[in-house]
Amino acid sequence: MASMRDIKRRKSSIQSTQQITKAMKLVSTVKLQKARNRAEATNPYFNYMYKTVSSMLAKSGTIDHPYLRGGQSGKKAVVVITSNRGLAGGYNSNIVKLITGGDFVKEDLDIYAVGGKGVEALSRRGYNIVENASEIMEAPTYSDAAALCNKVLDAFTKGEVGEIYLAYTHFKNTVSQEPKLIKLLPVEIDPAETGDSNVLMNYEPNEEEALNMIIPKYVTSLFYGALVEAVASENGARMQAMDSATSNAEEMISDLSLKYNRARQGSITQELTEIIAGANAIAQ
Amino acid sequence: MAEGNNTFQVEIVTPDRVFYTGSADMIEFNTIDGQIGVYKNHIPMTTVIEPGVVIIHEEDRQKVAAIHAGFAEILGDKVTLLAEVAEWPDEIDLNRAEAARDRAEERISVKAETTDLKRAEFALHKALTRINAAGYK
């Protein structure tokens, strides 16, 4: 049986860890609120964008445009959104698993990484990281998203990559986040969703040029949406991880308290027995 | 046409917020083919926005905002502007915009080899739009 002092030391160490995890949980709860509001605020923009693009594509099926066809190159660009900080449960490793466990061939991938944890994990596994834009994860803005997007699109128009993917964590709700891999280019739109396109739409200048201008904006909006969602997911995941860490600590502390009390009682009993035995020996 | 209700819905949406929703009699903005004004029952059209001032006319009042880059979807009874950035005049920091204008002008006039002329012009355009819109305060 461990000594009283050992148990006490262990207990106080767990207690201070619990304080940290508790504080982290509170911080991420607040951050989650903010991030969730932001993610919700970007929704209308994205929805309009999606609607416009899908109805455009529904009507311009005959246009042969690189954005719709995909490039010649067998290389693929993947934008990977992870977090800069750890302690968020499986948040980062789930995204990394999407890349390593998918159908991708390592040599064909050009990784555009956002988030230090993803950079670490993927470069350790020997993936080719062409761009590390981790600092934008701290406070993602639309112009940051646009800047990175332009780099990826540049690589696409130059023919360096043939397809563009995006790996991020979809924020379903506070307790559930889902890692997702979506294809940005060539654009794929579910034909079932193009729906009510009865209105005859005119495009100015012409369809092809409008497509040229709008598709990059569409991709950027998807990317920006994913970025703010990822921030919300990160904080959600961390909140959960810290919550379970806190309750785990609680459990350990109560277990140790019990052991400590037992040990204390044991030592008192032992001391008493010794004193009585000593007294008896003197009396005789 | 003058009979009855001549207003239509206007919605300006940016990545960070729904910037404006309301009704209007007429809306003016810049497209890459020049400035246009839209009344109710315009033919359906999608067009690309140039940085510029958007003026929303509603009865006797008008609302002015600066918008940069995006596109507009015009339907008979609804106009949706998807803009990357949109600002009301009182949100614009005039000093900053003027500083940006001066910087952009300098970049264009110096013409160093490293200068990305297109970008400098775009920055100038943006700064001028802001200054222009701030004038409506």
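## Exercises on a two-chain model

Chain B is divided into domain 1 (8-87) and domain 2 (92-134), with bounds that come from an automatic or database domain assignment. This is a predicted model, where local features need pLDDT of at least 70, side-chain atom pairs count only at pLDDT 80 or more, and totals for chains, interfaces and linings use all residues. Residues are numbered from 1 along each chain as its sequence is written, while chains are lettered from A and ligands numbered from 1 in the order in which they are written.

**Exercise 1.** Work out how the two domains of chain B meet.

*Solution.* Start with the centres: the C-alpha centres of domain 1 and domain 2 of chain B lie 24 Å apart. Next, the contact (C-beta atoms, placed from the backbone, within 7 Å) takes 8 residues from domain 1 of chain B and 7 residues from domain 2 of chain B. On the domain 1 side, strand 6 (52-58) and strand 7 (61-75) of chain B each give two or more residues. Strands (E, at least two residues) and helices (H or I, at least four) are DSSP runs, numbered from the N terminus.

**Exercise 2.** Check the length of helix 5 of chain A, then find its buried residues and their partners.

*Solution.* Now for burial (20 or more other C-beta atoms within 10 Å of a residue's own, C-beta atoms being placed from the backbone): the buried residues include Tyr142(A), Leu148(A), Cys149(A), Val152(A) and Phe156(A). The partners of the buried residues include strand 1 (76-81) and helix 6 (207-283) of chain A, along with strand 8 (78-87) of chain B. Just after the helix, Gly159(A) takes a positive phi of about 85°.

**Exercise 3.** Describe the contact between chains A and B.

*Solution.* Count the residues: 20 come from chain A and 21 from chain B. On chain A's side, helix 1 (4-59), strand 6 (202-204) and helix 6 give two or more residues, and helix 1 of chain A has the largest share, 7 residues. Finally, look at the strands: 3 bridges join strand 6 of chain A to strand 5 (residues 45-49) of chain B, and the two run parallel (pairing takes at least two DSSP bridges). Here Glu204(A) stands opposite Thr47(B).

Note on methods: Expected span 1.5 Å × (residues − 1). Buried ≥ 20, exposed ≤ 12 C-beta atoms within 10 Å, placed from the backbone.
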